[in-house]
Amino acid sequence: MATKTVTVSLDGGGSRFVALTGSGHAIAMDNAEGDSGPRPAELLVVAQAGCTAMDVVSILRKKRQAFTRYEVRVSAEQRDDPPPHVFERVRIVHVVDGPVEIEAVRRAIELSATKYCTVTGNLASGVAEIHHAFLVHGGDGEEHYGEVVVTGPDESPDALGQRVTQRT
């Protein structure tokens, strides 16, 4: 079993904190008043984007897909009340440019969403409903959009995306 560690220290008189990860990286955080770093909740969205992006790019490379550009766009909606302000809905769109096979992109996203992404597994096991999609700007000049899978809410990390319910 892997253990991840972080030490967070107050940095100054406001609400600025610096996190030092077990792997030796520092991340500054702040609130809206100090505004010298991202908010902790924003870092959850950053973690979601980074986790799935690393998975999808790795899988596309293994499938020898010749993409020329890749980005992932994540928007996450938090409830207002009552606290805590948990994320209830997350929308992830993988944007891929180049002469790639649409099925390879779809499958890479599906594998990240249902098998590999630790952050998806954690968020989907709570109240968040996570929508995974793609937008491909193909080598032929065509644009292709597709929904891949919805994970969460209250989903077992061992069975992500396996519920057979139709969601809109």
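Which residue is the bridge partner of R89 in strand 6? In this predicted model, where local features need pLDDT of at least 70, side-chain atom pairs count only at pLDDT 80 or more and totals for chains, interfaces and linings use all residues, the partner of R89 is E129. Residues are numbered from 1 along each chain as its sequence is written, and side-chain values use heavy atoms, with hydrogens and water left out.

Strands (DSSP runs of E, at least two residues) and helices (runs of H or I, at least four residues) are numbered from the N terminus, and two strands count as paired if DSSP finds at least two bridges between them. Four strands form an open sheet with mixed pairing, in the order 4-5-6-7, and its edge strands, each pairing on one side only, are strand 4 (69–78) and strand 7. A further open sheet, antiparallel, has three strands in the order 1-2-3, with strand 1 (6–10) and strand 3 (26–29) at the edges.

| Strand pair | Sense | Bridges |
|---|---|---|
| Strand 2 and strand 3 | antiparallel | four bridges |
| Strand 5 and strand 6 | parallel | ten bridges |

Helix 2 (residues 102–116) has 15 residues and, at 1.5 Å a residue, should span 21 Å, the expected span being 1.5 Å times one less than the number of residues; its end C-alpha atoms are 20 Å apart, which agrees.
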